[in-house]
Amino acid sequence: MSSATCPACFTKITDKTWILFSKAKYHKECFTCHKCHRMIGAHESLKHNGGVRTCVDCAKKDDPSIGESKTCQGCGEAIDKAWVIGLGNTWHSSCFKCTECSRVIDPKEKFFKVEVDGKHVPKCGDCKVTKGIAGLDVKEKVCAGCEKEIESAWVVALNKHWHHDCFKCSHCDRKIDSKEQFLTNLGNPVCMGCNNDHFRSKCAVCSKPIAGTSLIYKESSFHHACVNCYVCDEAFKVGDHENIRIVNGKDFKHADCKK
């Protein structure tokens, strides 16, 4: 049984089936196109740019060249299915990695462009900062957490500088790793766990946090997959908003389902 956390809804994966993509596990229903909200199959081609997943059909509307053969900027080999776009080129997701430490870089995280052997390659934020070459004078930095001077390595977040040990969740006081996602509340960092537990709306059926779009009726919110049409008993899907009707003041149904 998997115990991973889905990066789309930030809840634990308890099902036996899931989708593995870019070293992360997703609920099957959460692995959707960000444009048409259609679920993307495990073996279906897709475009992955800046953390945004787009099915090939939607990607072709923006770029007719989608579907043509592509070459990875990192290894020079052909790209068959999924890819990422970084520094204006296409890469296998496993090839888009820091030139300094070889860690695979998620395109949605902060990275820097450097030139190696006449070719532009990425360098992760950790290596850029740790080496002290962020282009700023370290002695002029004051930590936003403890308000003391920063002498060596630091974290840049929320347009401020922090000691690594001072960059903590403002709710639970846990140190936030520079590689993990976080959100803000009143301008202060909040870890994803506290955001889910205290700041994100919960589904009235399963009580799990809701990420992205939801069904809202009166003062309650629902995951699409947690609500069934009372006529055909099928669960609603993301993108079904225009095809949903409320009857009897409490029941959801597809607009084209008749009873």
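Mentor: What follows looks at a group of aromatic rings and their surroundings, then at a few other places for comparison.

This is a predicted model, in which local features need pLDDT of at least 70 and side-chain atom pairs count only at pLDDT 80 or more, while totals for chains, interfaces and linings use all residues. Residues are numbered from 1 along each chain as its sequence is written, and side-chain values use heavy atoms, with hydrogens and water left out.

Start with the rings. Rings of Phe, Tyr and Trp (for Trp, its six-membered ring) pair if their centres lie within 6.5 Å; planes under 30 degrees apart count as stacked, over 60 as edge-to-face and the rest as tilted. By this rule there are six aromatic pairs. One of them joins W91 and F96, with centres 5.0 Å apart and an angle of 70° between the planes, and it is edge-to-face. The pair of F96 and F111 has its centres 5.2 Å apart and its planes at 85°, so it is edge-to-face. F96 sits in the loop between β8 and β9 and F111 in strand β9, so this pair ties together parts 15 residues apart in sequence. Strands here are DSSP runs of E, at least two residues long, numbered from the N terminus. Ring pairs link W91, F96 and F111 into a cluster.

How open are these residues? Buried means under 20% relative accessible area, exposed over 50%, and partly exposed in between (1.4 Å probe, protein chains only). Both W91 and F96 are buried; for F96 the relative accessible area is 1%. F111, at 23%, is partly exposed.

Now the strand that holds F111. Strand β9 (residues 111-116) runs antiparallel to strand β10 (residues 119-124), and six bridges join the two. Two strands pair if DSSP finds at least two bridges between them. V116 has K119 in β10 as its bridge partner. Two residues lie between the strands of this hairpin, where D117 takes a positive phi near 55°.

Go back to the loop between β8 (89-91) and β9, where H92 is found. H92 is buried, with a relative accessible area of 19%. A polar atom of its side chain lies 3.2 Å from the backbone oxygen of A78. Contact means heavy atoms within 4.5 Å. Leaving aside neighbours within four places in sequence, H92 is in contact with C72, C75, E77, A78, I79 and V84.

Elsewhere, consider the charged side chains. A salt bridge is a side-chain nitrogen of Lys or Arg within 4 Å of a carboxyl oxygen of Asp or Glu, and by this rule the count is one. The side chains of D165 and K175 form it, at 3.3 Å from N to O. D165 is exposed at 52% relative accessibility, whereas K175, at 42%, is partly exposed.

Last, the cysteines. A disulfide is a pair of cysteine sulfur atoms within 2.5 Å, and the structure holds zero. The sulfur of C6 has its closest cysteine sulfur in C9, 3.9 Å away, too far for a bond. C206 is in no disulfide either, as the nearest cysteine sulfur, that of C226, is 3.7 Å away. C6 is buried at 0% relative accessibility, while C206, at 28%, is partly exposed.

Definitions and conventions
Helix = DSSP H or I, 4+ residues; strand = E, 2+ residues; numbered from the N terminus. Polar contact = N/O pair within 3.5 Å; in protein donor to acceptor, adjacent residues only side chain to side chain.
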